[in-house]
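Subject: Structure handover

Hello,

Here is the structure for you to look at. My notes on it follow below.

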Amino acid sequence: MVHLLLEILQAPDPSTLETFLGRIPMVFNVVIASPHGYFGQANVLGLPDTGGQVVYLLDQVRALENEMLLRIQNHGLGVIPKILIVTRLIPDAKGTTCNQRWERVSSTEHTHILRDASNEIAAVLHGVPDLIIGNYSDGNLVATLLSYKLGITQCNIAHPLEKAKYPDSGIYWKRYEDKYHFSSQFTADLIAMNNADFIITSTYQEIAGSKNNVGQYESHTAFTLPGLYRVVHGIDVFDPKFNIISPGADMCIYFPYSEKERRLTALHGSIEELLYGAEQNEEHIGILSDRSKRIVFSMARLDRVKNLTGLVEFYAKSTKLRELVNLVVVGGYIDVKNSRDREEMAEIEKMHGLIKKYNLSGQFRWIVTQMNHARNGELYRYVADTKGVFVQVCGMDI
């Protein structure tokens with residue numbers, strides 16, 4: 001650092017200055033806005049509008065805190081970093097901690113969840129944050145308003161953008177308005193995209209698409225909401241504010257099945273019962289009669305966009321697939337009475353209809369959403385042991 005400083009003083013140039021500044025910790029207080037769904041550390045997955053983004057954010061803040069502490073330590077600073085996840089306080093918490101105003105994130109020292117009014121952020125941090133990160137349309141809009149008010153750097157993480165999920169959702173926005181409120185959502189996305197100082201995306205295709213598909217952000221470049229407004233220049237997909245950073249996975253939970261010494265073999269009994277148990281109950285239905293067949297496996301939320309029912313229908317219609325492999329899906333509830341989500345309820349009924357229509361008995365296993373992350377990681381590896389495959393399902397049709 002001293003050598004770099006001397007170079008800057010003697011012969012300054014942009015590259016050396018960038019390297020020097022890049023090594024200096026400048027971010028100590030971070031706010032992450034995520035009002036989407038039920039945000040908690042346990043018993044929330046599967047509740048309405050709640051899915052992988054919770055796991056993603058909790059993993060993110062743990063890694064972020066570790067990185068901030070390491071940089072501060074390496075520079076000999078005595079600053080204590082703070083990370084706040086700002087979300088909704090939900091009185092009807094449904095057996096979760098979403099009704100608690102203040103909650104420390106496990107496996108961290110300085111990271112908390114704050115479920116209260118935004119004006120408490122400054123009081124908790126004893127000043128304004130250095131960075132605010134928004135998640136999803138609503139979280140990004142909150143981040144936009146706070147960054148504008150406080151004069152701080154804003155980062156957007158869109159996760160999926162709804163406009164790209166539903167074909168022609170701009171042209172036919174009125175058709176979906178009562179259910180999805182696309183007019184508000186697309187407007188919020190446009191405001192947040194253009195106000196953000198930088199945007200995190202998972203892949204290049206998420207920005208600009210491919211030869212045959214429009215990118216999620218590219219779909220916001222120009223479109224029309226008939227009777228409401230027309231977007232001429234919504235977002236510039238060539239703007240350097242876009243940063244491609246794949247989310248990855250927690251390697252303590254999701255590691256290769258070949259690493260035998262790390263395998264959680266004590267869980268194999270419960271996993272075997274989950275996959276092959278003969279008794280049908282509230283946790284799983286369907287029997288796999290031939291255990292010698294490989295497993296085609298998928299795990300996701302049971303909603304229309306994740307399209308687990310599309311995978312089941314594709315499998316059901318393929319005589320060759322049904323002869324060669326078994327199908328196992330993990331997601332949602334089996335009993336429609338246990339769900340309060342309209343889309344999930346429709347998918348539950350559709351799944352039961354497919355099982356009956358195609359007589360999938362003996363070849364298909366449907367397991368409800370699993371909350372044990374350690375066992376879920378071993379479940380992937382257990383399927384890999386059988387030479388099975390995992391299928392990532394997305395889109396409205398297969």
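Asn29, Val31 and Ala33 point one way from strand 1, Val30 and Ile32 point the other way, and all are buried. Buried means under 20% relative accessible area, exposed means over 50%, and partly exposed lies in between (1.4 Å probe, protein chains only). Strands (E, at least two residues) and helices (H or I, at least four) are DSSP runs, numbered from the N terminus.

Before going on, a word on the source. This is a predicted model, where local features need pLDDT of at least 70 and side-chain atom pairs count only at pLDDT 80 or more, while totals for chains, interfaces and linings use all residues. Residues are numbered from 1 along each chain as its sequence is written, and side-chain values use heavy atoms, with hydrogens and water left out.

Back to the strands. Strand 1 runs parallel to strand 2 (residues 82-86), and 5 bridges join them. Two strands pair if DSSP finds at least two bridges between them. Valine 30 stands opposite isoleucine 83 in strand 2.

Next, the aromatic rings. The whole structure holds 13 aromatic pairs. In one of them, tyrosine 180 and phenylalanine 182 are stacked, because their ring centres are 5.3 Å apart and their planes lie at 10°. Rings of Phe, Tyr and Trp (its six-membered ring) pair if their centres lie within 6.5 Å; planes under 30 degrees apart count as stacked, over 60 as edge-to-face and the rest as tilted. Tyrosine 180 is buried at 18% relative accessible area. Phenylalanine 182 is buried at 0%.

Tyrosine 254 and tyrosine 380 make an edge-to-face pair, with centres 5.7 Å apart and planes at 80°. That pair links distant parts of the chain, 126 residues apart. Tyrosine 254 sits in the loop between strand 10 (242-244) and helix 10 (268-276), and tyrosine 380 in helix 14 (residues 373-385). Tyrosine 254 is partly exposed at 31% relative accessibility. Tyrosine 380 is partly exposed at 26%.

One aromatic cluster is formed by Tyr166, Tyr176, Tyr180, Phe182, Phe186 and Phe223. Lysine 163 lies over the face of phenylalanine 223, at 4.5 Å from the ring centre. Arginine 262 lies over the face of phenylalanine 255, at 4.1 Å from the ring centre. A charge sits over a ring if NZ of Lys or CZ of Arg is within 6 Å of the ring centre and within 35 degrees of the ring normal.

Best wishes
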